[in-house]
Amino acid sequence: MKDFLKNNNLIDYKGLLIVRYKELNITEQNVMILLVMIMLDNQGVKTITPQMISQYMYLQTGIIEKSLVELVGGGYLSLKGNHLALNGLYDMLLAKELVKKEDKQRLNLVEIIENEFGRTLSPIEMETIREWDQLGYGEEMILNAVKEATLRDIHSLRYIATILQNWREQGITNSKKRTVAPEPKRKVDMYDWLNEE
């Protein structure tokens with residue numbers, strides 16, 4: 001059915017892309033590249049190259065190539081032989097459930113950290129959280145590190161990253177039993193001022 005609708009130009013993929021690109025985490029630059037690719041695909045062009053795309057854009061071919069690699073990595077494009085196919089993008093645009101379970105968890109994690117910090121996170125900070133996920137830190141472990149940092153009134157992702165790294169070095173992989181470590185006590189030498197000679 002989907003192929004019938006596409007082959008007869010009954011689905012406005014360009015419009016869907018414009019409306020849903022933010023949900024799909026596609027940058028504006030990549031949206032423009034995809035729009036050009038959809039236009040060329042609708043014209044029946046089978047092999048779309050970065051050079052062809054650059055004819056419709058001010059971007060250099062090298063930048064377009066990097067974006068295409070990024071889009072293939074994200075599953076929006078796929079390689080079929082020597083040409084790029086838009087099937088992944090088309091499927092995502094038509095999918096009822098766009099946000100994967102992992103993305104929902106990451107969004108919840110971002111919201112929780114924003115609430116703890118009392119501010120919105122920058123895109124770089126959001127990427128840092130994504131990297132923690134890729135490094136294998138569990139959501140629960142990250143949340144416990146956030147709680148520990150917040151209890152110490154330190155609102156820094158670097159501090160949280162240090163906590164996570166220390167736990168990993170100590171072999172702590174499940175922070176359920178982890179409690180907030182007390183601050184180290186400093187030894188103070190007592191000097192007898194009254195009986196001073």
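## The second largest pocket

For sorting residues into classes, Ala, Val, Leu, Ile, Met, Phe, Trp, Tyr, Cys and Pro count as nonpolar, Asp, Glu, Lys and Arg as charged, and the others, Gly among them, as polar. On that basis, the lining of the second largest pocket in this predicted model splits into six nonpolar, three polar and four charged residues.

The pocket holds about 210 Å³ of space. Its lining is made of 13 residues, and Asp-41, Lys-46, His-83, Leu-84 and Ala-85 are the ones that lie nearest the centre. Strand 2 (83-85) and helix 6 (87-94) each put in at least two lining residues. Strand 2 is the top contributor, with three residues.

## Helix 2 and its partners

Start with helix 2 (residues 13-20) against helix 3 (residues 28-42): their axes sit 10 Å apart, at an angle of about 170°. Angles over 145 degrees count as roughly antiparallel, so helix 2 is roughly antiparallel to helix 3. On the helix 2 side the contact uses Tyr-13, Lys-14, Leu-17 and Ile-18, while helix 3 brings Val-31, Leu-34, Leu-35, Ile-38, Met-39 and Asn-42. Sorted by class, that contact has eight nonpolar residues, one polar and one charged.

The crossing is left-handed. Tyr-13, Leu-16, Leu-17 and Arg-20 from helix 2 touch Leu-89, Tyr-90, Leu-93 and Leu-94 from helix 6. Seven of the residues in this contact are nonpolar and one is charged, with no polar ones.

Tyr-13 and Leu-17 turn up in both of these contacts: they face helix 3 and they face helix 6.

## Helix 9 against helix 10

Helix 9 contributes Met-141, Ile-142, Asn-144, Ala-145, Val-146, Glu-148 and Ala-149 to the contact, and helix 10 answers with Tyr-159, Ile-160, Ile-163, Leu-164 and Trp-167. By class, that comes to ten nonpolar residues, one polar and one charged.

Methods: Residues are numbered from 1 along each chain as its sequence is written. This is a predicted model: local features need pLDDT of at least 70, side-chain atom pairs count only at pLDDT 80 or more; totals for chains, interfaces and linings use all residues. Side-chain values use heavy atoms; hydrogens and water are left out. On a 1 Å grid over the protein atoms alone, a cavity is a set of points where a 1.4 Å probe fits but cannot get out, and a pocket is an open set with protein on both sides within 12 Å along at least five of seven lines; lining residues have an atom within 4 Å of a point. Grid points are joined across faces, edges and corners, and a volume is the space filled by probe spheres set on the points. Helices (H or I, at least four residues) and strands (E, at least two) are DSSP runs, numbered from the N terminus. Contact means heavy atoms within 4.5 Å. Axes are lines fitted to C-alpha atoms, for helices over the stretch in contact, and angles run from 0 to 180 degrees between N-to-C directions. Angles under 35 degrees count as roughly parallel, over 145 as roughly antiparallel, 65 to 115 as roughly perpendicular and the rest as oblique. A crossing is left-handed if the near helix is turned anticlockwise from the far one by less than a right angle, and right-handed if clockwise.
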